[in-house]
Amino acid sequence: MTPVVAFHDVSKWYGNVIGINKLTLAVRAGVTGLLGPNGAGKSTLLQLATGQLKPSQGAVRVLGQPVWNNSTLNRRIGLCPEQDAFYEWMTGWDFVHTCARLSGLARGEARAAAERTIETVGMTKHKDRAIRGYSKGMRQRIKLAQALVHEPDVLLLDEPLTGTDPVARRDLMDVIQRLGSEGKSVLVSSHVLHEVQSLTPSIVLLSRGRLVAEGNVRQIRELIDEHPHQIVLHADDYRRLAARLLAFDDVEGVRVLGGESGVMVETRAPDAFYGRLPALYLDEGLAIKAVYSDDDNLEAVFKYLVRK
Amino acid sequence: MVDAATTTPTAGRGLPRISRVSAFWTLYALSLRQHLHGKRWLVMALMFLLPVGLAVVVRLTAPDVPPEALEFALVMMFVPQALLPIVALLYASGIIQDEQEEQTITYLLLRPIPKWAIYTLKLLSAMTTTAALVVVFTALTYVAIYVGAETPIGEVAGRCLKAASIHALAVITYCSVFGLISLLTNRVLIVGILYTAIVEGLLANLPFSIRLITVIYYARLIAYRTMTFRVPLSDGGSKDVAAEAWQLPAVSDAKLAEHPQLGTCIAVLLIASLACTVIAGWLCTQREFHVKTPEKE
């Protein structure tokens, strides 16, 4: 089976800085999440996949064809870039229509495609306003529209949800999921795990330009769960809570946060731990005011996986 | 899992028809629109109003100055020496750099347009804009110089047409040169100003063969071979101001036989433009246009 996007032993250097380090990766059809903390090489990977960058070493192929200096292939690829840059003086409709025309669509087709795509991203109401007046969410939507307007087979979305409000986020996620169900191949980059998790079970983890892990999100989560989670609990009777928590088998350590009336727990089974919390109140009257995990973020997980 | 080769492009619709001509035309038109939306053309227009304003002032304060002398000083000396290289430099230096700085080049690189074509089309739009500015303001300068003068309007129109054409050809060549320089260095404005001062300013005014490498030398020769620059003197005679100012041996060699002929001059400028464009286009195909890199971050 030909992968949609294939990296074979690819490295990319910017002078002395390594953007991508000996990456071999095959992205199959469907929606794939590209996860990594800031500076992991996600944007570099996407720019390599769109032929904007030339690999320093190795080969990048999209739909079986080399991408560098292969502008014909661009008719089958769409990219929603990370940078918040536009021809600000254009209206949203003008921008998307111009992108359609730049993609080689004839005047009538471009007009219809622009209308259709703007509708898809929910910007019909605002299409005649200048982009310079758009909110961040609108800008992300119109940026996605330009990536879709020529009906590409492969869509590469670089942090498409960054800076969006919850409504725009939900709408954009719906659009991405719909594209996947329509048979498009979509590679979505993000540094937020739960964002990608709700889009696709298939994810690729990058850190410092290297492939850390790839596969089903459940497998990745298992890897993540091996990493001791730090969970903070706040309660008035936090000393009794600490003593009680120490009795749990999966709790590896408890630290009292005196100034905050709370405790920090380290556990390798966070789901089981969370499951036992209601009983603490119901059976023992320990009222917990707040629970949060301050290290359930990719940075900590990546550090753990890279060390592994 | 779906094989990439069997992935359907759209649900229920075929691939849209793609026309490169349409893409090329749109990029050219987009670049022209960018020029109009920027403030650069207003600045350029103000600069080009300088010779117009000077002509008006001289005509009002020194009516004895022959319009032919004023025409030579402003249209044939000031404009080609000072304004044409600057207007070309300001437009051509931004052909790619402006899109990179504004991070909009991504939207062009993602289209089925080869990089050499992106450069060439944007260069063509810069040439169109600069040539249009030059033609309009050369005509205005002629109006300011000759309005109310005794010179027949047909003769003035002919001279204006020739001067505007020569200026347009020169500015197009400058655009090609500065466009190429902009791909070779990030300090294109500094290099361009140095080029203008040293090559087009100093070397072009030396009566040696080194001036054969300058644009302005060929522009002057085209002007000299197609127009007359005899300014009437108070004693009833006339003086060839161009031969003296441009170091041309019109007295010893009236036909300037040792200098390139008209056709050669035009061909040299056009071939130089073409060569610079081809080299720059080739450079573009070899280059990455970084928008965001770890280094820049």
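Visitor: At what angle do helix H3 and helix H8 of chain B pack?
Guide: This is a predicted model. In chain B, helix H3 covers residues 67-92 and helix H8 covers residues 188-202. Their axes lie 10 Å apart, and the packing angle is about 155°.

Visitor: How are H3(B) and H8(B) directed relative to each other?
Guide: Angles over 145 degrees count as roughly antiparallel. The angle for this pair is about 155°. H3(B) and H8(B) are therefore roughly antiparallel.

Visitor: Is the crossing of H3(B) and H8(B) left-handed or right-handed, and what classes of residue make the contact?
Guide: H3(B) passes H8(B) in a crossing that is right-handed. H3(B) contributes B:Gln81, B:Pro85, B:Leu89 and B:Leu90, while the residues from H8(B) include B:Val188, B:Ile193 and B:Glu200. Sorted by class, the contact of H3(B) with H8(B) holds six nonpolar, four polar and one charged residues.

Visitor: How are H9(B) and H11(B) directed relative to each other?
Guide: The axes of helix H9 (residues 215-226) and helix H11 (residues 262-286) of chain B come within 9 Å and cross at roughly 150°. The limit for a roughly antiparallel pair is an angle over 145 degrees. H9(B) and H11(B) are therefore roughly antiparallel.

Visitor: Which residues of H11(B) meet H9(B), and what is the handedness of the crossing?
Guide: On the H9(B) side, the residues in contact include B:Tyr218, B:Ile222 and B:Arg225. They face B:Leu262, B:Cys265, B:Ile266, B:Val268 and B:Leu269 of H11(B). The residues of this contact of H9(B) with H11(B) divide into ten nonpolar, one polar and one charged. As for handedness, the crossing of H9(B) and H11(B) is left-handed.

Visitor: Where do the strands fall in the order of elements along chain B?
Guide: Chain B has eleven helices and two strands. Its C-alpha trace spans about 95 × 40 × 35 Å along the principal axes. Read along the sequence, the pattern is α-α-α-α-α-α-α-α-α-β-β-α-α.

Visitor: How much area do chain A and chain B bury between them?
Guide: The contact draws 55 residues from chain A and 51 residues from chain B. Carbon and sulfur atoms account for 55% of the buried area. The total buried between chain A and chain B is about 4800 Å².

Visitor: Which residue of chain B meets A:Lys12 in a salt bridge?
Guide: Two salt bridges are counted between chain A and chain B. In one of them, the N to O distance from the side chain of A:Lys12 is 2.5 Å, where the cut-off is 4 Å. The partner is B:Glu288.

How values were computed: Residues are numbered from 1 along each chain as its sequence is written. Chains are lettered from A and ligands numbered from 1 in the order in which they are written. This is a predicted model: local features need pLDDT of at least 70, side-chain atom pairs count only at pLDDT 80 or more; totals for chains, interfaces and linings use all residues. Side-chain values use heavy atoms; hydrogens and water are left out. Axes are lines fitted to C-alpha atoms, for helices over the stretch in contact, and angles run from 0 to 180 degrees between N-to-C directions. Helices (H or I, at least four residues) and strands (E, at least two) are DSSP runs, numbered from the N terminus. Angles under 35 degrees count as roughly parallel, over 145 as roughly antiparallel, 65 to 115 as roughly perpendicular and the rest as oblique. A crossing is left-handed if the near helix is turned anticlockwise from the far one by less than a right angle, and right-handed if clockwise. Contact means heavy atoms within 4.5 Å. Ala, Val, Leu, Ile, Met, Phe, Trp, Tyr, Cys and Pro count as nonpolar, Asp, Glu, Lys and Arg as charged, and the others, Gly among them, as polar. Buried area is the accessible area (1.4 Å probe) that two parts lose on being put together, summed over both.
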